[in-house]
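The sequence and the model come next, followed by notes grouped by topic.

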Amino acid sequence: MPKRKLALAALTTSLAMTLTACGTGNPQQAGRGTTPPTSAVSPTPTTTTAASGPGSVPASPTTTPSNAVIPQSLDQVGVEIAALDNSFGVANSDLTNPQGDS
Amino acid sequence: MRHRSTGQRAARLLAASVVAGMVVIVPVAAFATTTTVTTPPSPGSTTPSSGPTQPSNPLCAPSAFSPAQQYVASALSGRVTQLNSLLSAVGNTANHLTAADQQTLQHDISAVELPGIGALQTQVQQATTCAELRMAARSMVFDYRVYYVMTPQTHLAIVADDETAIEATLGNLETTIASAIDNSADRGKNVSAAQSAFSDLKNEVSAAGNSTNGLADELLAQTPQGFPGNWQVFGAARTSLSNARNDLHAAYNDGRQIRSDLQ
């Protein structure tokens, strides 16, 4: 009997975790059957769900709004533009003040 | 100078000429059949102030053969150093050269220029006459154009591909920015300034793309034999790249403005 109760508890837990994952893992699936968003360009959240194992508590998803991605990308552009400035300076110097004689 | 009778006097005169800045490469080009008299181009000039404009004024006399030989050897060694520097820049993964452009430049530098200059080094070492030195010096200048063609060609091509890469990065970012603006608008935020900056950003990226379109291919098509005509190509490329660089700076500042507005 205790084994049956244990198996039932495990099955219930597994079912609960599956339902939780289905509810948060895919926004498109979650949205099926509901009113579509009015905005033509909807934000694309970055959803991260930690893998759950036996006995673990399903982690709540962390959603990053798309405007939070801008700083990272812009910072990278800033780095590349700084490097470009250096490269352009070298190339410009080749023409204004050639190093060699021919 | 052709009347100097000893190697020492010739070397002193050579040094004096260089220091005075009057004639930079007479000793090198003098060994060629025509002399290239070079003075540093003025800043902003689109053409080098050199060309085969004067008849040869040979400095290489049998009595001054050794310093002349050393001078040409030194000039060749300097070109090897420069070519290796260019090869290093081409292989630098921090640059955004396309694979094809990188391959083209690596081939030109390592399979054409460096072996050619290396062969001339051997010729100069084995030379026993001024005629042989002249032949090697002429080839060094006219066949390889390390400083006036290979160098600007390589550096400008790197800039062109770097700018193209940044244009792609910003272009990909446009979708994210549009979403971010819409997202903020949905939350009731006033995004009119962000939208205006975004419109400008797209225009700047587009303008940069127009400036750099096809530029790398045009640069890589230049050859040492095309000098001095291709100096105009390099000058025009610099102008286009400068314009694109300004556009990309403006686009970057637009992005920062948008980021600030949405916070």
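How many helices and strands does the secondary structure of chain A come to? The secondary structure of chain A comes to three helices and two strands, where helices (H or I, at least four residues) and strands (E, at least two) are DSSP runs numbered from the N terminus. This is a predicted model, in which local features need pLDDT of at least 70, side-chain atom pairs count only at pLDDT 80 or more, and totals for chains, interfaces and linings use all residues. Residues are numbered from 1 along each chain as its sequence is written, while chains are lettered from A and ligands numbered from 1 in the order in which they are written.

**Confidence**

- The predictor gives the complex an ipTM of 0.80 and a pTM of 0.70.
- Chain A has a mean pLDDT of 57, pLDDT being the predictor's confidence in each residue, from 0 to 100; 32% of the residues of chain A reach 70 or more.
- Residues 11-64 of chain A stay under 50 in pLDDT, and the model has 34 contacts beyond four places in sequence for them. Two residues are in contact if their C-beta atoms, placed from the backbone, lie within 7 Å.
- Chain B averages a pLDDT of 84, with 78% of its residues scoring at least 70.
- In chain B, pLDDT stays under 50 over residues 1-44, for which the model has 95 contacts beyond four places in sequence.
- Residues 50-57 of chain B also have a pLDDT below 50, and this stretch has 21 contacts in the model beyond near neighbours in sequence.

**Chain make-up**

- Along the sequence, chain A follows the pattern α-α-β-β-α.
- Chain A has 102 residues, of which 17% are buried. A residue is buried if 20 or more other C-beta atoms lie within 10 Å of its own, exposed if 12 or fewer, and partly exposed in between, with C-beta atoms placed from the backbone.
- Chain B has nine helices and two strands, and its elements run α-α-β-β-α-α-α-α-α-α-α from the N terminus on.
- Of the 263 residues in chain B, 44% are buried.
- Taking contacts in chain B between residues at least 6 apart in sequence, 74% join residues at least 24 apart.

**Domains of chain B**

- The domain assignment gives domain 1 (7-144) and domain 2 (148-262); such bounds come from an automatic or database domain assignment.
- The contact takes 20 residues from domain 1 of chain B and 16 residues from domain 2 of chain B.
- On the domain 1 side, helix H3 (65-91), helix H4 (99-126) and helix H5 (130-144) of chain B each supply at least two residues.

**Nonpolar core**

- The largest nonpolar core has 70 residues; a nonpolar core is a set of buried Ala, Val, Leu, Ile, Met, Phe, Trp, Tyr and Cys residues joined through C-beta atoms within 7 Å.
- Val72(B), Met140(B) and Leu156(B) have the most contacts inside this core.
- H6(B) gives the largest share of this core, 16 residues.
- Each of domain 1 (7-144) and domain 2 (148-262) of chain B contributes at least three residues to this core.
- Not counting residues up to four places away in sequence, Met140(B) touches Ala75(B), Leu76(B), Arg79(B), Ile117(B) and Leu120(B).

**A loop residue**

- Thr93(B) lies in the loop between H3 and H4 of chain B.
- Thr93(B) is exposed because it has 7 other C-beta atoms within 10 Å.
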